[in-house]
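Subject: Structure handover

Hello,

Here is the structure I promised to pass on. Please open it alongside this email. My notes follow below.

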Amino acid sequence: MHITLKTLIQSERWRRPAPAYVGVIVAALLVAPVLLPTLTEGFPPTSDGELHMHRSISAALILCSGMGWPRWAPHFYQGYGYPIHNFYPPGLPIIAGLLINAGVAPVAAQLLVQGLALVLYAVGAYLFVSVFLPAPAALLGAAAFTYAPFRLREVWVQGDLPQLAAMGLLPWVLWAIARAAQKPGAARAVGVGVSFAALVLAHHGTAFLFAPVAGLYALIAPFVMREPDDDAAPVIPRLGASTGGLALGLALSAIYWAPALAQWGLVNLQALTRGSYDIAHNFVSLGELLALSPPLDRSAVNPPMPHNLGAAQVLLALLGAAALRPRAGLSRRARRHILLGLAGALLCVVMMLPVSEWLWRTIPMIRLVQFPWRLVGFAELFMLPAMAAALVVIPARRRDRGLLLGLALVFLTVIVYIYPLRPARQFDDLSPASVTAYEQQRGGARGTVSADEYLPQWVEKLPPLAPVPEDAAAAYTAGRWRVNVDARTLPGDVTVTYDDDASAIILTPGAAFALQLRQFYFPGWQATVDGAPVEVRPSEPEGLLTLDAPASTQPRRVVVRFAGTEVHRAAEWLSAGALAFCAIVAISAAWSRRQNKTRGIAEGLPVKTAAALTVAALAVALVNQGVMVYTDWLRPRSDPAAPPAMQHPLHVRLADAQGEAVELLGYDLSTDQAAQGDAVHVRLYWRALRPLDVDYRPFVHWDSLTGAETWANSTLSMPGDVPTSRWDTGLYALDDHELHIPGDAPPVVGNLRVGLLAPGSDERLHTADGADTVYLAALRVTGEWPGDLPDIGVNAGYRLGESIRLQGWEARQEGDAISVALRWYAGGEITTAYTVFRHVLGADGEVIAYGDGPPVNGIYPTNSWAAGQAIPDEAIIPLPAGAEGPFTLAVGLYDPATGARPAVYDAQGVRRPDDAIVLPVAGP
């Protein structure tokens, strides 16, 4: 029989459901449009991508040198070592490191792991939703979850691969729990354990936030999954499988989390809660969460991508909520998941808004998460059931078309995000030794972190941060573990050579001495001298690894290795035991399945739907890769010297030692008046004037008018999440700052000033006139003066000119000085910046001491006073030697330009002589 395409389409086979695995394959293929440019366009120039690649190279070195589970990176922090893998989950670096050791280039290894993470999103979401909704709806939910703007922002802008992968694992954990609660068994409990352990080993922040969600779902899943007509196992076995699986996951991942928790007090983790990492600086607004995904300006290094939930995602979730109606015919299982998901999404939205700050500061350890906007990914996960259920709202006969329309909606709302924002980064050579150049270039990113959060507590003073010695760099590149001697402390008659065997150090014969090594001390180091164990200790104040080398007439062989502590070994045994249990269960389940010869393959997508979606996904991927990547159709290109959205142009050039380096094009300012405790948003527009080989740090200050005080400060590790060394001279860069005004800041007018700091220091770039900051605008802060205004005197009732009152005063002799406290009141607008004169008069009425100066020590001139405001003004006036009281004090104002005093009237309207207010001075 001759079969044509037409007869095939019209046949019953074309309409019948395909096996379930076909749906999984189609879900994976939906990722093709973004996966193809991810794998073929090279390494994207993201904020964090390179540092995670260096961590993968570090894991490859440790694995290659036979040091076991990665914990200590000896070549990080300029060759002083860093416990990065002990505290930051090494799961993804291990996978990439194994690929590197197998011969895959580091960039390719990182991209392969990233591609796998993207596939995790679509397949995991599809499997989870398939538990309670039909396969077509599950595909729609998978596409909406995968193509959320937050995901693509991670791929092209942020580059936090562990977080990207961890978010993709979330639906896998939920799917495993749902299956275990639906049909309990050891194999399904193992599925829960493996998926949860993978999450913990991928990203600690995501796992920390998700652990309560997973625990709650494991407790309620046996009830949520139950239908009235279920002939299912009793609740207790189902509860045991779901919660026991999570306990198994904790045991599997104990090799990481147990030592990290046990030793977290030995490092500087609190640095993650200070400065720009404080959660108060990282909330988002409701408007940003609901914003559309804007077209991206190709003239921008980092065109703004909001932390938004996604227009299609929000719309589908709202439509899905309509499926809760009884006429939609959803199962109870599906309705429960939709309701719980929408409640969770709403909670996430509230937790990302500033109103939730008190909660972030109340829950223990949660501030270490740093960025409330991480919950965007969680909100999208919680919206997943409702997004998928949007298809169920459509009549059954039209759902094929509805699925295509839904997928088109998801795709079109983020079409400007599915291909690279900027040309790929090129790396000539990457090795363990190349991290030194990265750390030097990034300045504050020593150890591939920005806040020194994993610096051991014994390091009270940093040693000289010179590059890694050449011989050590060569050893690292060759895949050998190496610990160098700190040459500064070697006796003059001792020389050092290094054995090819790991970290063996050969010392020439000589007297006993304290051998100091070029590695930071941390619990877990072990050392031997000629095979005999010796004690290791930290030096003071640099915290370097130190041991005693005994006197010897023969060469002394010192071997130093990081072997871990008892906590490390106990955690390793626990994880090994859990892994063995999982292996036994898996083998048993496979054998049982083979004996019973059951496949358990359920029906899924109609064949025609699967075929149509496969063709559509591949076609879109080819068009995106072959056309969109190379065009400006959906991305405008503006004048890089005049960004179209910039409100206030400046065009100020800043120079370093090599000449003009960066131009501040201009800025946007959310307001020029803020209350105490408010945040002021400042967006800066920068442009590189020449290729830069260092990474400058931007700051925005709210300073006093005198420049003597800084009340608010926003200093970032890089402008706009893109290092300056990656700026193209033909592009501009956006740099957003949230300047938080302290609640105890004085309610005055100050100056907004910005600048750039050199990496690793406080040295600033300068303008042509030598200034190290650029003035933006004046910012007025309103509110109450810190503390209570002093209760000084009574309402004096003195009026100076038309708008100034002296409300109260206090003058007291304190030793050899007069302490003066005045309280002024601004009754209206004041146009003159007056100087306050405070003259101490002796018993004969003659002036014996002067205390003239601008009010409030110069930080708040009178022409900046706000009408209706009371202003405290304090001063100390030294007395001349031998002066004897009683004293009086003459107080008033004068214009420093002319010397003219405003007229002074008392409470009865009588003008005071000399336009001065004479006040008594209390004795000591």
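This is a predicted model: local features need pLDDT of at least 70, side-chain atom pairs count only at pLDDT 80 or more; totals for chains, interfaces and linings use all residues.

Start with helix H20, residues 357-362. Glu 357 and Arg 361 both sit in this helix, four residues apart, which is about one turn. Their side chains form a salt bridge, at 2.9 Å from N to O.

Salt bridges

Searching the whole structure gives 21 salt bridges. Three further cases deserve a look.

Take Arg 151 and Glu 380. Their closest N and O atoms are 3.2 Å apart, and the two residues form a salt bridge. Arg 151 is in helix H11 (residues 149-158) and Glu 380 is in helix H21 (residues 375-389), so this bridge ties together parts that are 229 residues apart in sequence. Are the two residues buried or exposed? Both Arg 151 and Glu 380 are buried.

Next, Asp 548 and Arg 537. This salt bridge has its closest N and O atoms 3.0 Å apart. It links distant parts of the chain, with Asp 548 in strand E8 (residues 544-549) and Arg 537 in strand E7 (residues 536-538), 11 residues apart. Asp 548 counts as partly exposed, because its relative accessibility is 43%. Arg 537 is at 30% relative accessible area, so Arg 537 is partly exposed as well.

Salt bridges link Glu 50, Arg 425 and Arg 726.

Helix packing

Now turn to helix H13 (residues 186-202) and helix H15 (residues 235-252). Their axes come within 7 Å and cross at roughly 40°. H13 and H15 are therefore oblique to each other. The crossing of H13 past H15 is right-handed.

Which residues meet there? On the H13 side they are Ala 189, Val 190, Val 192, Gly 193, Val 194, Phe 196 and Ala 197. On the H15 side they are Ala 241, Ser 242, Gly 245, Leu 246, Leu 248, Gly 249, Leu 250 and Leu 252. Sorted by class, this contact has 11 nonpolar residues, four polar ones and no charged ones.

That is the handover. Send me any questions.

Best wishes

Key. Residues are numbered from 1 along each chain as its sequence is written. Side-chain values use heavy atoms; hydrogens and water are left out. A salt bridge is a side-chain nitrogen of Lys or Arg within 4 Å of a carboxyl oxygen of Asp or Glu. Helices (H or I, at least four residues) and strands (E, at least two) are DSSP runs, numbered from the N terminus. Buried means under 20% relative accessible area, exposed over 50%, partly exposed in between (1.4 Å probe, protein chains only). Axes are lines fitted to C-alpha atoms, for helices over the stretch in contact, and angles run from 0 to 180 degrees between N-to-C directions. Angles under 35 degrees count as roughly parallel, over 145 as roughly antiparallel, 65 to 115 as roughly perpendicular and the rest as oblique. A crossing is left-handed if the near helix is turned anticlockwise from the far one by less than a right angle, and right-handed if clockwise. Contact means heavy atoms within 4.5 Å. Ala, Val, Leu, Ile, Met, Phe, Trp, Tyr, Cys and Pro count as nonpolar, Asp, Glu, Lys and Arg as charged, and the others, Gly among them, as polar.
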